[in-house]
Amino acid sequence: MLPTRPSVMIIAHGSSVSDGAQEAAMQHALTLQQSNRYGHVDVCFLVRDHATPNLPKGEVFLLPFFMSNGYFVTRRIPDLFGLNEGLRICADRQLYQCDALGIDPELAGIISSMARDVCTEQGYAPADIHLVLVAHGSEKSRASAEATYLQQKTVESRKEFGKVSVAFLNEAPFLDKWLYDQPEEGSPLVLVGLFAAEGPHATEDVPGAIAKWRKMTGSKLPAHYAGAVGTRPEIVKLIQHSISRCAAKFRRI
């Protein structure tokens, strides 16, 4: 007899050097399991799980815990799970691939919430801040930039903040140069990391760039880093809604 509740597999990059890069996905999986909405919830880390993980029978929703539709989402996951256009139907198992975290339509709301939290803590009016979305970026692939600019456009459409910009660690506009170009009399900066977890990029590179900028320039322009978006507890609801959209999409086929 097939399970009556669907299962979920969160698929993340993982890290061989940082436990923090894996904690967010594992915590979200635990919360999803405790919700009792799903039969089985597990996490697959691609840096360590090179073979297809054991999957339960019935419906299994694969959630790419990635910030863009790059190689891992469009090639690695489909190859690992034998998907064809995000789908694999077997006699006792149905696999469905959801949207990647970084292109989810609900992510902008979480980004905005993080910025508002900083505003509340610092006594700023949201309309008076300059929100900066900081992402990995790549000089080889446009996927990270495309996802970041998508979120920028969506956040801008909410008309909450004075200005919304983007900066990257590995492509232009580079975060370190972007900071150096900011006027001393500019609006307070609130930086949100478009990272899935608290790996080195989120916990070292972004704070390090801010600290270096301050040391080299002596700038007194307020700059506040809100952390990595993927660690937020609201991500669990985003995942639940992503699964619902995915189910509706494929069940129409």
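A pocket, as the word is used here, is an open set of grid points where a 1.4 Å probe fits, with protein on both sides within 12 Å along at least five of seven lines. Keep in mind that this is a predicted model.

The largest pocket holds about 720 Å³, while about 280 Å³ lies in the second largest pocket.

| Pocket | Volume | Lining residues by type |
|---|---|---|
| Largest pocket | about 720 Å³ | 17 nonpolar, 12 polar, no charged |
| Second largest pocket | about 280 Å³ | 7 nonpolar, 5 polar, 4 charged |

Which residues lie nearest the centre of the largest pocket? Those are His13, Phe66, Met67, His136 and His201, out of 29 residues that line this pocket. Helix 1 (20–34), helix 2 (71–81), helix 4 and helix 6 (200–217) are the elements that give two or more residues to its lining.

Now for the second largest pocket, which is lined by 16 residues; Asn69, Gln97, Cys98, Asp99 and Lys249 are the closest to its centre. Helix 2 and helix 7 each supply at least two residues of this lining, and helix 7 gives the largest share, with 5 residues.

**Rings that meet**

You can find 5 aromatic pairs in the structure. One of them is Phe66 with Phe72, a stacked pair with 5.5 Å centre to centre and 15 degrees between the planes. Phe66 has a relative accessible area of 10%, so this residue counts as buried. Phe72 is at 27%, so Phe72 counts as partly exposed.

Tyr149 and Phe168 make an edge-to-face pair, with 5.9 Å between centres and 65 degrees between the planes. This pair links distant parts of the chain: Tyr149 sits in helix 4 (residues 143–157) and Phe168 in strand 7 (residues 163–168), 19 residues apart.

**A look at helix 3**

Helix 3 (residues 107–122) has 16 residues, so at 1.5 Å a residue it should span 22 Å; its end C-alpha atoms are 23 Å apart, which agrees. Its buried residues include Leu107, Ile110, Ile111, Met114 and Val118. What do the buried residues of helix 3 pack against? Their partners are strand 6 (130–135), helix 4, strand 8 (189–193), strand 9 (223–228) and helix 7 (235–251).

Notes: Residues numbered from 1 in each chain as written. Predicted model: local features only at pLDDT ≥ 70, side-chain atom pairs only at ≥ 80, totals over all residues. Heavy atoms only, no water. Phe/Tyr/Trp six-rings, centres within 6.5 Å; stacked < 30°, edge-to-face > 60°. Buried < 20%, exposed > 50% of the residue type's maximum accessible area, 1.4 Å probe, protein only. Helix = DSSP H or I, 4+ residues; strand = E, 2+ residues; numbered from the N terminus. Expected span 1.5 Å × (residues − 1). Contact = heavy atoms within 4.5 Å. 1 Å grid on protein atoms, 1.4 Å probe; cavity = no way out; pocket = protein on both sides within 12 Å on 5 of 7 lines; lining within 4 Å. Points joined across faces, edges and corners; volume = space filled by probe spheres on them. Nonpolar A, V, L, I, M, F, W, Y, C, P; charged D, E, K, R; others polar.
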